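Me: I am new to this structure and would like a friendly tour. Could you take my questions one at a time?

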Amino acid sequence: MKNVAVIGAGTMGNGIAHTFAQNGFNVKLIDLSEKNLDRAMNTIAGNLDRMITKGAITEQDKHKTIGNIITYTDIKDGVVNTDLVVEAATENINLKLKIFKQLDEFCDEKTILATNTSSISITQIAAATNRPQQVIGMHFMNPVPIMKLIEVIRGYNTTDEVTKTIMELSEKLGKVPVEVNDYPGFVANRILMPMINEAIEALYNGVAGVYEIDTVMKLGMAHPMGPLQLADFIGLDVCLSILNVMYDGFKNPKYAPCPLLVNMVRAGKKGVKSGEGFYDYSESKKAEKIAYKK
């Protein structure tokens, strides 16, 4: 396995492309927007520069990594002669089903199709193809080049051979793969999202402020980042989407998203990506608290 295509040039997509390219894979990064692709390549270059500054890689390593990535705006052209495709598009089931139908049509019959979904059923995504046995989840953590974990999620029909291949591939990337089964939220988000949602509920109910809630979890529970700040970095829209998937999947009220989270997403306050969430990320007000009205 040497040739990999990555669908989506956003935060996760460019991180996944970076990681594969840095480890010697030939990567085709695909996005409908040329602007998104340019932004992704600039992000990768900037991240590599930071690694050079820290002494983790050399200038030559950077050039090799960048040289291993080719960008495409046409999915059909981009997935030709690939051994693996990793889909990292927006966490939207209809979009993912559409992409996987296209991948099934355009890719060689031996190509493994993986999704970076953080909560959506692998079995449901696989059912959109004629190769469900070759569809698997590869849930990378953000930031991808740094975080070691990959949740490897087996769909109902995913074969042992495909699972073994992806587990071994993950190790070649310097990651630690953990095999899990296909249930809403898998392991990471099934545990993480209720905690984040409860932190938002505490804020919504006036138990404490943003800074206070995050400080309790950082200093009291040794979390490197408080749950509200972490939600901002994940994206409040993504958190809402994952909670909705789990609520629909389990029909359990404990997964119902807090009304404050729903309203913030409706208002366009999605966290770091929008410049404002529980914290203000504008240049003049970075990491300051925000007061909310119920």
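Me: What should I know before I start?
Reply: Welcome! This is a predicted model, in which local features need pLDDT of at least 70 and side-chain atom pairs count only at pLDDT 80 or more, while totals for chains, interfaces and linings use all residues. Side-chain values use heavy atoms, with hydrogens and water left out, and residues are numbered from 1 along each chain as its sequence is written.

Me: Is T19 buried or exposed?
Reply: T19 sits in helix α1, residues 11–22; helices (H or I, at least four residues) and strands (E, at least two) are DSSP runs, numbered from the N terminus. Residues count as buried under 20% relative accessible area, exposed over 50% and partly exposed in between (1.4 Å probe, protein chains only). Because its relative accessibility is 4%, T19 is buried.

Me: Which residue has a backbone oxygen 2.9 Å from a polar atom of the T19 side chain?
Reply: Leaving out residues up to four places away in sequence, T19 touches V144, P145, L173 and K175, where contact means heavy atoms within 4.5 Å. The backbone oxygen that lies 2.9 Å from a polar atom of the T19 side chain belongs to G15.

Me: Which residues does H18 touch, not counting those up to four places away in sequence?
Reply: H18 is also placed in helix α1. Its relative accessibility is 1%, so H18 counts as buried. Beyond four places in sequence, the residues that H18 touches are I44, N47, L48, M51, T65 and P145.

Me: Which way do the residues of strand β4 point, and are they buried or exposed?
Reply: In a regular strand, side chains alternate between the two faces of the sheet. In β4 (residues 84–87), L84 and V86 point one way and V85 and E87 the other way. As for burial, all four of L84, V86, V85 and E87 are buried.

Me: How many residues apart are R131 and D104, which form a salt bridge?
Reply: A salt bridge is a side-chain nitrogen of Lys or Arg within 4 Å of a carboxyl oxygen of Asp or Glu, and the structure holds 9 of these salt bridges. In the one between R131 and D104, the closest N and O atoms are 2.8 Å apart. The pair links distant parts of the chain, with R131 in the loop between α6 (122–126) and β6 (135–140) and D104 in helix α5 (residues 93–106), and the separation is 27 residues.

Me: Which residue meets R154 in a salt bridge at 3.6 Å, N to O?
Reply: R154 is buried because its relative accessibility is 18%. R154 forms a salt bridge with D160, with the closest N and O atoms 2.8 Å apart, and at 56% relative accessibility D160 counts as exposed. The residue that meets R154 at 3.6 Å, N to O, is E179.

How values were computed:
Polar contact = N/O pair within 3.5 Å; in protein donor to acceptor, adjacent residues only side chain to side chain.
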